[in-house]
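Please examine the model shown below together with its sequence. The paragraphs that follow lead through its aromatic pairs, its ligand site, several individual residues and its backbone geometry.

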Amino acid sequence: MQREPQAFDRVLSSMCTTPHPVAREAAERFLATNPGDPGTYPTISALEDEAIELLGEVAGLDDPAGYVASGGTEANIQAVRIARERARTTATGGEMSGTPETPETPTVVMPESGHFSFQKAANVLGVDLELVPTDDDHRVDLEAVRACVDETTAMVVGVAGTTEYGRVDPIPELGEIAQSVDALLHVDAAWGGFVLPFTDHAWQFDHAPVDTMAIDPHKMGQAAVPAGGLLVRDETLLDELAVDTPYLESTSQATLTGTRSGAGVASAVAAMTELWPDGYREQYERSQANAEWLAAELAALGYDVVDPELPLVAADLPQATFEALREAGWRISSTGSGELRVVCMPHVTRAQLESFVAEIDALESESETPAATT
Ligand code: 0PR
């Protein structure tokens, strides 16, 4: 096999990045291990416990429980599954009591800015997803959440670092609303989890009554793919997921996948051990400075720019410019409303952004030059 993976030098829209060298090395060493079978692979299983301890530190959770998932999608699906199972147990009075009445379909209340993985969760798990609007600054509208929740609500979702604009929903307020209807609060910090500790946002377990969280080492955590994280405040929440595993040495399994790559687990531990907290703080500061620089440059070129609260810039570029940039090999994507979206991941350097801006500038000057008469 002669093919090489693409370079990262023009990748501006991905939430993945080049893994830290120690994470790459650990991933390679543990490639053939399976944390899904702890009886056979005890070393990687012990490393997974370490990964959860470290994720707990990042997310302000003493005595954390959870596991290293394949990514944010799996963590979100599993969180919804926990909430659905809990709602079912509550509806049947703790036991499948055999009452003929079918409990109503559980609902998940989520801002429209939530990731599409929740659509998958709703589809697979048979719950209803109720989307609530966001305000002018792309954060969930709390009044709309209050109006939406009721006794069928199994879970309220808040996003800490939205995919499109890097916004953080008001998590403590969402927690109060969730508690008022006895629903769980899930925070999707899949992307934001490794930058938010260095900001003054309220987003984590010791800021609010958060029950479950998605927080991915393979995004801002600089681990190798696949390394997502599911954290739960109370270990018993994982029991909602556990199934018996009769022919493994361990007796039950809470993960969605069976065989899992030890590469993700080992690289997550290696990256977090190396970088938490100072390395991540330095990276956050570099990424945030890059985002602010890019936002200022694009604003100076006359575009509408969404203020980068976290290292993610959205700006309204003409469609033709966007397409010309993609044509030139820039890996960029757009928001649902059509704005250019640039995620300042660790591999994105100032030099790279400078050549990106220079190219936009050149394209704009070209389009302003009167066309030659034919
Ligand atoms: N939650 C949030 C807030 C996310 O941003 C993402 C991924 C997920 C959950 C799902 O995580 P996994 O992809 O690890 O399952 N967000 C981006 C997306 O799916 C990732 C991305 C963005 C990938 C741009 C590629 C790309 O070009 O849109």
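Phe198, Trp276 and Tyr284 are linked into a cluster by ring pairs; rings of Phe, Tyr and Trp (for Trp, the six-membered ring) count as a pair if their centres lie within 6.5 Å, with planes under 30 degrees apart called stacked, over 60 edge-to-face and the rest tilted. The model is predicted, so local features need pLDDT of at least 70 and side-chain atom pairs count only at pLDDT 80 or more, while totals for chains, interfaces and linings use all residues. Residues are numbered from 1 along each chain as its sequence is written, and side-chain values use heavy atoms, with hydrogens and water left out.

Across the whole structure, four aromatic pairs are found. One of them, between phenylalanine 198 and tryptophan 276, is tilted, with 5.9 Å from centre to centre and 45 degrees between the planes. This pair links distant parts of the chain, 78 residues apart: phenylalanine 198 belongs to the loop between strand E5 (184-188) and strand E6 (212-214), and tryptophan 276 to the loop between helix H8 (262-275) and helix H9 (278-300). Helices (H or I, at least four residues) and strands (E, at least two) are DSSP runs numbered from the N terminus. Phenylalanine 198 has a relative accessible area of 17% and is therefore buried; buried means under 20% relative accessible area, exposed over 50%, and partly exposed in between, with a 1.4 Å probe and protein chains only.

Tryptophan 330 and phenylalanine 356 form another aromatic pair, edge-to-face, with centres 4.9 Å apart and 65 degrees between the planes. Here, too, distant parts of the chain are linked, 26 residues apart, with tryptophan 330 in the loop between helix H10 (319-327) and strand E12 (333-334) and phenylalanine 356 in helix H11 (residues 350-368). Tryptophan 330 counts as buried because its relative accessibility is 1%, and phenylalanine 356 because its value is 0%. The loop between H10 and E12 also holds arginine 331, which counts as partly exposed at 29% relative accessibility. Apart from neighbours within four places in sequence, arginine 331 is in contact (heavy atoms within 4.5 Å) with Gln6, Arg10, Val11, Leu12, Ser13 and Arg326.

Which residues come nearest to the ligand? Of the 16 residues around the ligand, they are Thr73, His115, Thr163, Asp188 and Lys219; a residue is counted as near if one of its heavy atoms lies within 4 Å. By class, this shell has three nonpolar, nine polar and four charged residues, where Ala, Val, Leu, Ile, Met, Phe, Trp, Tyr, Cys and Pro count as nonpolar, Asp, Glu, Lys and Arg as charged, and the others, Gly among them, as polar. Helix H3 (residues 72-91) supplies the largest share of the shell, three residues. For lysine 219, a side-chain N or O atom is 2.8 Å from a ligand oxygen atom. Taken alone, the ligand exposes 590 Å², of which the protein buries 76%; accessible areas come from the Shrake-Rupley method with a 1.4 Å probe.

Lysine 219 is situated in the loop between E6 and strand E7 (228-232) and is buried, with a relative accessible area of 14%. Beyond four places in sequence, its contacts are Met15, Thr17, Gly72, Ala190, Trp191 and Met345. Glutamine 222 occupies the loop between E6 and E7 and counts as buried at 8% relative accessibility. Its contacts beyond four places in sequence include Thr17, Pro19 and His20.

Serine 117 lies in helix H4 (residues 117-125) and is buried, with a relative accessible area of 0%. Outside its sequence neighbours up to four places away, serine 117 touches Thr73, Asn76 and Ile77.

Most residues other than glycine have a negative phi, and most peptide bonds are trans. A cis peptide bond, with omega about 5 degrees, joins valine 225 and proline 226, and the bond from tryptophan 276 to proline 277 is cis with omega near -5 degrees. Aspartate 63, not a glycine, has a positive phi of about 55 degrees; this residue lies in the loop between helix H2 (42-58) and strand E1 (65-69) and counts as exposed at 67% relative accessibility.

Terms used
Polar contact = N/O pair within 3.5 Å; in protein donor to acceptor, adjacent residues only side chain to side chain.
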